[in-house]
Amino acid sequence: MKNRKVYVKVLVQFDEEGNVLPMNITWEDGRKYEIDKVTDIRRACAFKVGGTAIRYTVRINGKITYLFEDEGRWFVESRS
Amino acid sequence: MDRVIIHSDMNSCYASIECSLNPELRGKAVAVGGSTEDRHGIILAKSEEAKKCGVKTGEVIWQAKQKCPDLIIIPPHFEQYMKYSSLAHDIYSRYTDKIEPMGLDEVWCDISGSIKAFGGAKKICDEIREAFKNELGLTVSIGLSYNKIFAKLGSDLAGRDEVFEISRENYKEKVHPLPVRVLFGIGPKTGDKLNSYGINTVGQLAACSSEWLRLIFGVLGEDMWQKANGLDFSRVMSDGQKIPIKSIGHGITCTADLVDSNEVWKVMLSLSQNVSKRLREAHLEATAVQIAVKDNQLVTRQFQGSTPYVTQSAGEIAKTALDLFQKNYLWNYDVRSVTVTAINLQSENSPVQLELTGDYKRHEKQKILDDTVMELRQRFGEKAIFNCCLMTETKMPEHKEKVPLPFMRYR
């Protein structure tokens with residue numbers, strides 16, 4: 001199993017302050033996942049796939065995962 | 001109260017960034033190397049594993065490969081290094097606005113005013129180290145001291161991801177037994193000269209009379225004595241403070257050796273156009289030109305001379321450069337690389353002392369022509385108009401990364 005960077009389509013909401021909140025993710029095969037909650041936002045290294053980005057710790061279907069935003073593009077760390 | 005200065009140095013910067021970008025490279029012997037096709041085939045940076053194999057920065061790639069056959073050579077990605085350098089700056093700016101960069105990977109920070117707010121100097125250093133690891137996937141060596149020279153020395157002495165403190169109390173014990181060359185600003189030649197007088201360690205340098213050092217080495221002698229005694233009072237530049245531009249230069253390594261003056265002229269003209277553009281952007285004019293010529297034996301010679309007029313003109317800079325070259329270069333070997341630098345700069349609005357014999361009409365005409373060419377390029381692109389001779393083969397590499405390197409130390 002190899003880690004790979006998967007760029008995904010993300011629906012985001014901007015609040016009055018201009019803060020960005022991801023709402024849902026569309027996976028590369030078209031499946032859509034709703035984000036229940038964003039629990040943390042910080043700059044972090046994507047250790048599994050490389051690079052640095054703004055890391056959103058999100059809860060999807062009760063599972064905690066990371067969503068990264070780098071210069072306007074969103075990606076997740078995937079194992080395949 | 002003593003100042004609290006840190007010097008932070010990103011470990012194996014370029015190679016570490018490449019490993020951070022591509023986790024498959026982690027733990028392997030990796031080196032960032034210039035393009036062999038463009039004859040920049042040297043090692044720019046290497047990972048810790050490559051270092052263990054004996055790979056050295058600056059050596060040619062084939063030599064490095066001989067030492068380490070599994071060495072992975074990665075082409076440089078300067079835009080990424082700039083990005084990481086900027087993100088590193090963001091980390092330092094959480095603690096101070098007095099941040100003075102030296103290159104892309106090193107900075108001095110004056111954190112004197114932040115000690116109480118953040119719970120101590122050591123804590124700030126540890127937080128910076130952690131932030132680098134977590135946010136950028138990189139490590140830094142940090143020197144902590146009460147002046148810039150010892151802070152820099154501290155980061156040299158610190159291991160990977162470590163902090164090394166040199167205080168007023170311990171500097172004699174930690175710094176004085178070290179060879180004089182470890183002090184920032186003492187190069188190989190000065191080091192050899194000091195050694196020839198029997199001054200081998202920093203402690204021996206500190207024990208010398210400053211008057212005697214001044215007599216032998218001039219102003220530098222006193223400067224060295226102060227550094228050795230921990231009396232460096234140079235300030236850390238405030239964030240955003242601009243260092244006055246002293247020179248603007250551009251150089252390239254040609255794709256093949258230049259074999260006659262005509263080929264050198266084409267390269268100088270092309271380089272001068274870049275210099276001229278940057279002079280205009282900075283609203284500066286040159287009163288002299290410096291050229292550096294490296295032959296195919298890798299020996300570099302530098303020559304300087306005045307321009308006929310205070311100028312921004314690419315043509316006048318190039319002509320002065322060629323004139324210097326023709327008067328001074330002996331053509332024992334063909335030319336590998338050329339650098340043209342505009343020096344002795346002054347503001348473009350400075351008053352100029354005219355000479356009775358000067359052909360100012362011609363100079364003014366040239367200026368109007370240059371302005372027009374610049375305007376055309378601005379409107380229609382860099383290649384909208386250029387000198388006819390540059391349409392033929394120039395032996396210049398097609399693409400060159402632009403890497404602005406802030407490197408000067410503020411005093």
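Visitor: In the hairpin of β6(A) and β7(A), which residue takes a positive phi?

Guide: That residue is E71(A), whose phi is positive and near 50°, and the hairpin has 2 residues between its strands. Please keep in mind, as we go on, that this is a predicted model.

Visitor: OK, and how many bridges join β6(A) to β7(A)?

Guide: There are 3 bridges between β6(A) and strand β7 of chain A, which covers residues 73-79, and the two strands run antiparallel. Within this pairing, D70(A) is placed opposite R73(A) of β7(A).

Visitor: What about the hairpin of β5(A) and β6(A), which residue has the positive phi there?

Guide: In that hairpin it is N61(A) that takes a positive phi near 50°, and 2 residues lie between the strands. The strands themselves, β5 with residues 52-60 and β6 with residues 63-70 of chain A, are antiparallel and are joined by 7 bridges.

Visitor: Which residues of β6(A) stand opposite V58(A) and Y56(A)?

Guide: V58(A) has T65(A) of β6(A) opposite it, while Y56(A) faces L67(A) in that strand. As a general point, side chains in a regular strand alternate between the two faces of the sheet.

Visitor: Let's zoom out a bit: how many helices and strands are there in chain A?

Guide: Chain A has 0 helices and 7 strands, and reading along its sequence therefore gives the pattern β-β-β-β-β-β-β. Its radius of gyration is 12 Å, close to the 12 Å that the globule rule gives for 80 residues, so chain A is as compact as a globular protein of that length.

Visitor: What box do its C-alpha atoms fill?

Guide: Taken along the principal axes, the C-alpha atoms of chain A fill a box of roughly 40 × 25 × 20 Å.

Visitor: And in what order do the strands of chain A sit in the sheet?

Guide: The 7 strands form an open sheet with antiparallel pairing, and their order is β3-β2-β1-β7-β6-β5-β4 in chain A. The edges are taken by β3 (32-34) and β4 (37-45) of chain A, each of which pairs on one side only. From one strand to the next, the twist averages 40°.

Visitor: New topic, cavities: what volume does the largest one have?

Guide: The largest cavity has a volume of about 40 Å³, and the count of cavities of 30 Å³ or more comes to 1. Its lining includes R280(B), E285(B), H363(B) and D370(B). The elements that give two or more residues to this lining are β11 and α15 (360-380) of chain B, and α15(B) gives the most, with 3 residues. By class, the lining divides into 1 nonpolar, 4 polar and 4 charged residues.

Visitor: And what about the second largest pocket, which residues are closest to its centre?

Guide: Of the 19 residues that line the second largest pocket, those closest to its centre are D9(B), M10(B), S12(B), C13(B) and D105(B). The pocket has a volume of about 530 Å³.

Visitor: Which element gives the most to its lining?

Guide: β3(B) gives the most to the lining of the second largest pocket, with 3 residues. The lining as a whole has 7 nonpolar, 4 polar and 8 charged residues.

Definitions and conventions: Residues numbered from 1 in each chain as written. Chains lettered and ligands numbered in written order. Predicted model: local features only at pLDDT ≥ 70, side-chain atom pairs only at ≥ 80, totals over all residues. Heavy atoms only, no water. 1 Å grid on protein atoms, 1.4 Å probe; cavity = no way out; pocket = protein on both sides within 12 Å on 5 of 7 lines; lining within 4 Å. Points joined across faces, edges and corners; volume = space filled by probe spheres on them. Helix = DSSP H or I, 4+ residues; strand = E, 2+ residues; numbered from the N terminus. Nonpolar A, V, L, I, M, F, W, Y, C, P; charged D, E, K, R; others polar. Rg over C-alpha atoms; globule rule 2.2 N^0.38 Å. Pairing = 2+ DSSP bridges. Axes fitted to C-alpha atoms, helices over the stretch in contact; angles between N-to-C directions.
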